[in-house]
Amino acid sequence: MSEKIEALRELLKENELDGFIIPHNDEYQEEITAPCAERLKWLTGFTGSAGVAVVLRQKAFLLIDGRYTLQARTEVSKDDFTILDIYQNPLSSIIEKEMKITGRLGYDPFLHTVRQVSDLKKACYNVGCYLVAFRSNPIDIIWKDRPKPPSSPIMLLEDKFSGLSRDEKIKKIAKDLQEHKEDALVIESPSSICWLLNIRGNDIPYTPLAHSYAIVHKSSSVDWFIASERISDEVRKELGDKIRILPPAIFAPELARLAKKRANVRVDAKRSSAWLESTLAKSGGKITPGTDPCVLLKSQKNTTEQEGARKAHIRDGVAVCNFLYWLEREGVSKGINEYEAAAKLESFRRKGEFFHDLSFATISAVGANAAIVHYTPEPGKSARLNPKEVYLVDSGANYLDGTTDITRTVAFDKVPYIVRKRFTQVLKGHIALASCIFPKGTYGYQLDVLARQYLWADGVDYAHSTGHGIGSFLGVHENPPSISYAKDSLPLLPGMILSNEPGYYKEGEFGIRCENVMLVTAAPQNDNAEQEMLAFETLTKVPFARDLIEVGMLSDTEKEWLNRYHQDVYATLAPLLEPAVSSWLKEATLEI
């Protein structure tokens, strides 16, 4: 047993708890967390971006999804944790199987949403055990060298990038509150606050967020709870008088004051912490369940954001094509490893206009490493590229005018038929989704089968979603929208930007993924149409590896789509590239 597990169990015993739940997310319910909030990683060694652990007196479990199965096996001690698939073994089932009658299961109310706690209470009720809110997280108590919370300076995002001023956005939210006869909206989500106020920060790696809280009033005033030293005089002046900057320490007292006034306060049960609801309830607040309106507004990009995304993807396409040209010539011949390749790709991106940072840690993986869906190379531990194995690179960037995410799988020499077959099946699924026309009101889960159908026909699949939403100079993962097995809260709507990334992974051998980013748009006009139809516009501008395609497996329609796509890539990027790279691109986009 590790010293950390032992220390945690000792603390649980002192507090008469029989177990404790440790989720991956932080108090802002964000997927990517600051180092000080990486409690799950600190306790288990697991570095994935989703998961939850439950430590009991005698047992401990780590629940993850299929993306991280191989990764968790190498990172987490089997002596300390039983690793389970979270969809086959949800947390509720662990509680019902492992907790005893009258047992006490602890949780941190800051780290669980209202809805999550409701589900946990139901599971505990079924057993006859108690769910206990533990205000001082025991991990924080035993984590002696825990990093300090981030405090990056706040930057303004100009209206030329956001498309709407902060005043216009705030008025939209205030109008929504007025229409629902509500007095205030409490926001704990940094992505919503950053979108609303047209500000950004650098509190977490790769995602330009600033950790803070906000209360939006129906009067169009905003109370923003953030350390004042993070706000420059320039930013303060730009924000104006209607945005009050208040210290985070008084967030709880302000909530209590709002509740005591009997204000009607909207709380998003899916995104707000259980602590927030409890704080309002204890002071007699009138809580109205509802949705954070920023979520839909930021997911449906306005025309300025859409145009920014198009331009950002062109810039990104230039960088990736320069990289692929370099990779083809030097990747194998100069013994480049995965880490060095990722660094080279980043160097090309940094030359682009409006570049801010990568949008996530580059997945640069060769051979068996590519079968680890979220593999990240490390210096001194990375495999060298070689002609016998395919190379997968999943990468992206945050530009001031848009966020990118792209995966390409390439080969340096002829590879076995099974690799080409799987690549072509993945590509066929990608094309089926990209070329789909669907009725307005369609949900992402209804389209998921399009991308999986050719793999399913051969008895194989991939254990991750087909598509995730993408922010506008925000998170590379944004929900809504999504395309996966799971049912969505909202249908696909015009202006939404999301990925299209089917894949295939053969443990110990290779991995394949074909990923572009798409914009939901109105479908081309059809005089015979009897209802409003939508379609996807592909934003990514980078060729697919033609030498991995089994052309005989493609239909004429699929060939037409691929040829049109490659023609567009060449026409768009060739004038922006050096002659040698342009010549390479011409060959890479030849008609098949």
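Which residues gather in a patch of negative charge on the surface? They are Glu 3, Glu 6, Glu 10 and Glu 14. The model is predicted, so local features need pLDDT of at least 70 and side-chain atom pairs count only at pLDDT 80 or more, while totals for chains, interfaces and linings use all residues. Residues are numbered from 1 along each chain as its sequence is written, and side-chain values use heavy atoms, with hydrogens and water left out.

Patches are built from residues with over 30% relative accessible area and no salt bridge; like charges are joined within 9 Å, and nonpolar side chains (Val, Leu, Ile, Met, Phe, Trp, Tyr) within 5 Å. Asp and Glu count as negative, Lys and Arg as positive; His and the chain ends are not counted. For Glu, the place of the charge is taken as CD. Glu 14 belongs to helix α1, residues 3-14. Helices are DSSP runs (H or I, at least four residues), as are strands (E, at least two), numbered from the N terminus. Glu 14 is exposed, at 56% relative accessible area. Exposed means over 50%, buried under 20%, and partly exposed in between (1.4 Å probe, protein chains only).

Salt bridges number 36 in the structure. Each is a side-chain nitrogen of Lys or Arg within 4 Å of a carboxyl oxygen of Asp or Glu. Side chains of opposite charge can pair when their charged atoms come close. One of these bridges joins Glu 238 and Arg 166 (3.4 Å, N to O). Glu 238 sits in helix α10 (residues 233-239) and Arg 166 in helix α8 (residues 166-179), so the pair ties together parts 72 residues apart in sequence. Glu 238 is partly exposed at 47% relative accessibility. Arg 166 is buried at 7%.

A second pair is Arg 266 and Glu 182, with the closest N and O atoms 2.7 Å apart. Arg 266 lies in strand β13 (residues 264-267) and Glu 182 in the loop between α8 and β8 (184-187), so this bridge ties together parts 84 residues apart in sequence. Arg 266 is buried, at 5% relative accessibility. Glu 182 is buried too, at 3%.

Asp 461 pairs with Arg 452 at 2.9 Å between the closest N and O atoms. Asp 461 is partly exposed at 28%, whereas Arg 452 is buried at 1%. Elsewhere, salt bridges link Arg 39, Asp 140 and Arg 146 in a network.

Ser 152 occupies the loop between α6 (138-142) and β7 (155-156). Ser 152 is buried, with 10% relative accessibility. Its side chain makes a polar contact of 2.6 Å with that of Asp 203. A polar contact is a pair of N or O atoms within 3.5 Å; within protein, one must be able to donate a hydrogen and the other to accept it, and residues adjacent in sequence count only if both atoms are side-chain atoms.

Definitions and conventions. Accessible areas come from the Shrake-Rupley method with a 1.4 Å probe; for residues, only the protein chains shown count as cover.
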